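Let's walk through this model together, one region at a time. Keep the structure open beside you as you read.

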Amino acid sequence: MSCRALLLVPLFMASAVVFAADSEQVEAVRKIGGQVRPAAGADGAWKVEFQLTGRSLTDAGLAQVAALEKIVRLNLRDTKVTSAGLVHIKGLTSLNRLHLERTAVDDSGTENLAGLVNLEYLNLYNTKITDKTLVHLAGLKKLEQLYLWQTGVTDEGVSRLEKALPGCRIVRGIDLSKIVAIPKPPPRPSEDLKWIALTDDAKPPRSVTGSGTEITFTNNSGIKVKIYWVEYGGGLRLYGELAPGGKRVQNTFSQASWLVTDEKEKPLGYFRTGLKLGKAVIPKI
Amino acid sequence: MPNSNYSRRGFLRSTVGLAGLTLPTILKLQSQAIASAPKAKSCIVIYTWGGMSHYESFDPKPDAPSDIRGEFKAIPTATPGIQYCEHLPLLAKHSDKLAIVRSLHHNQGAHQGGMYISLTGHQPVGIKAGKRTNWPSLTAMISRFQEARSGTPRAIRMPYSMYDNGGLMAGDDGGWLGYDYDPVLIRTPAGTPYRGVTRYNDLELKLKLNTERERVASRRALLRDLEQKVSIGSPQASGIHENYDQLDHFHKMAVDMLLDSPVREAYDLEQEDPRIRDMYSDHVCGQTLLLSRRLVEAGVPVVQALCSAGDLAGGSGDNWDTHRDHFPKMKDRLLPVFDRAVSALLTDLEMRGMLDETLVVFLTDFGRTPKINGNGGRDHHPGVYSMVLAGGGIPGGQVYGSSDSSGISPGSNACTPADFHATVYKAMGIDHHAELHDQLDRPFQICDGEPLPIF
């Protein structure tokens, strides 16, 4: 095994080992998919996150998480936690950041949030909560950020809470039904490009720089062909092969020459691009 | 505060570090390393390739003579006293989230140099695309300080690499940090492309292909098989070892992502609410920024979005290198797409409660010349230009520094890309004077600048 792979894991593994020795609770939370890390500054405090690796977390699992007690940051986004589980976090009064967004949480049980007096950040977006829950938040005087997009709250409910928590930024997001898609631009005009057949010793003209456009090759020749861009200096650059009946869309510039040869690189003919999107049909040989 | 936290962390990552320390010591060091928690946990870098005009974006000069002022007006923003270009009306409503730096300058007048100094924060000296002595990009460097999780790349960049007339640029990869820190290039799976050339290359990951689990698992077995075969062969064989090294990294990353990760889910834009997709606009710029949000949500620490066609190709295609027809290009194609997509990103991050921990960084090569040239264009101008920060704990509604009345040179608080990078590092909780070692074990201080006093 290469040592590169080893380089990536020691910190994580080391943490896990130490945490296990320190605390069975930490180990238990890890087992149900939680990421547990020591929090900055606060001695013995934890940050616990389930949104990436522990989305199957249920209310029962939340009871195990709560056993850690001193949790400052808890992320339950996208988990299977419901309102019935909130009773377990009632006692986590160290919490200053709580993510409940995109869970089945509704108004029942949110009274358990009323005692989380150290909360500075609470995210409830895309839950079923309404103004009834906001009433329970009025006493969270340290709350600075509250996220309520895609919930059932009303203007009145929010404005009552704003009065109770003047220092809190309440974000309700936008009304998605008001988004107006940019109308698609009309399709750019296209034109049929002229097939200019080549005899053995003739050469296609060099490409000249122009504006961006597109060329679409359709191979009706009945044989496999090769497609070359004729460079500004006259050299040939192979762009690909096209099977009989095949189609290829290619970015190009106007005033470019595109040479078509057979498999043995015998020139058959070429196309010259214009400003319009070019349809380049390679005729029956 | 003297800070060697991150070199400690780097030390911990090495096997030597582990062998030499007892486990409780490791835990202690780890908690010291996070003693001062930064606000920003993730970063989205938005790069406007080609050199976005400062006049027609964040530093309009409505009072300058008309040959400098240009065709567009300045409009008020949500922040009294701050004006943007009139073709950024949506971003003007987000001015309370943006910190504009208007006094950046450097000495690199060509794209490669300007892009290198803006993206790495260092002078281009002896650089060449792909060389492992180049400095790492900001994206790669930030990712160096992030914890790696299985199936989650430390850094992703989209939707294609930076080219100029077919030449790949230096400064957009992991540089001397090594292949493992090259941001993984992935293709944006939707969106109307920029007009003109959009070059994809072979290293990009197309996560949508072959995502059936059994097939991926059997590929993983194949990979192991290949690994063994290669290790039997001679590593000295003409550079094969080095190429394999790279292949191995990308393949492993791909397989891990396909099998196990929320990243795979995030990549599927079909799962997103179609109204949200419309909010970002059906353009590869919008869909790339939407994907950036989804990837950050899925735990990717740093994402870089190139908001421009991949190849400047002599000024054709939609990119910010507007030597010709500057005003119609900006008004009709570049600014509306940028305005809508970036505003959507800010709205989206904000209403999901992600903006406070996601630092959004705007970078570009340089500004554009004061005088309109004979082709109705503006040329390269590194003498002064603007870059922007939003979210991640940076207070918005502010402007740092200024350009002079004509937008030619810094007027006050002149600063450099290195200072801007130091500011980004500080916001991400990274010591900008941290010392790292390259693959030959030579020590480098990651940044020569000082953080701007904007937070």
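Chain A has an accessible surface of about 13900 Å², and carbon and sulfur atoms account for 55% of that area (Shrake-Rupley method with a 1.4 Å probe; for residues, only the protein chains shown count as cover). This is a predicted model, in which local features need pLDDT of at least 70 and side-chain atom pairs count only at pLDDT 80 or more, while totals for chains, interfaces and linings use all residues. Residues are numbered from 1 along each chain as its sequence is written, chains are lettered from A and ligands numbered from 1 in the order in which they are written, and side-chain values use heavy atoms, leaving out hydrogens and water.

Staying with chain A, you will find 6 helices and 16 strands (DSSP runs numbered from the N terminus: H or I of at least four residues for helices, E of at least two for strands). Of its 285 residues, 47% are buried (under 20% relative accessible area with a 1.4 Å probe, protein chains only; exposed is over 50%, partly exposed in between). Among chain A contacts (heavy atoms within 4.5 Å) between residues at least 6 apart in sequence, 55% link residues at least 24 apart.

Back in chain B, L295(B) touches I156(B), M158(B), I186(B), V263(B), A266(B), V300(B) and V303(B), leaving out residues up to four places away in sequence. In α12(B), 14 of 14 residues are buried. Just after this helix, G299(B) takes a positive phi of about 100°.

V399(B) sits in strand β14 of chain B, residues 398-400. V399(B) is partly exposed, at a relative accessible area of 30%. Beyond its neighbours within four places in sequence, V399(B) contacts I82(B), I100(B) and R102(B). R102(B) is 297 residues from V399(B) in sequence, yet their C-alpha atoms are 7.0 Å apart.
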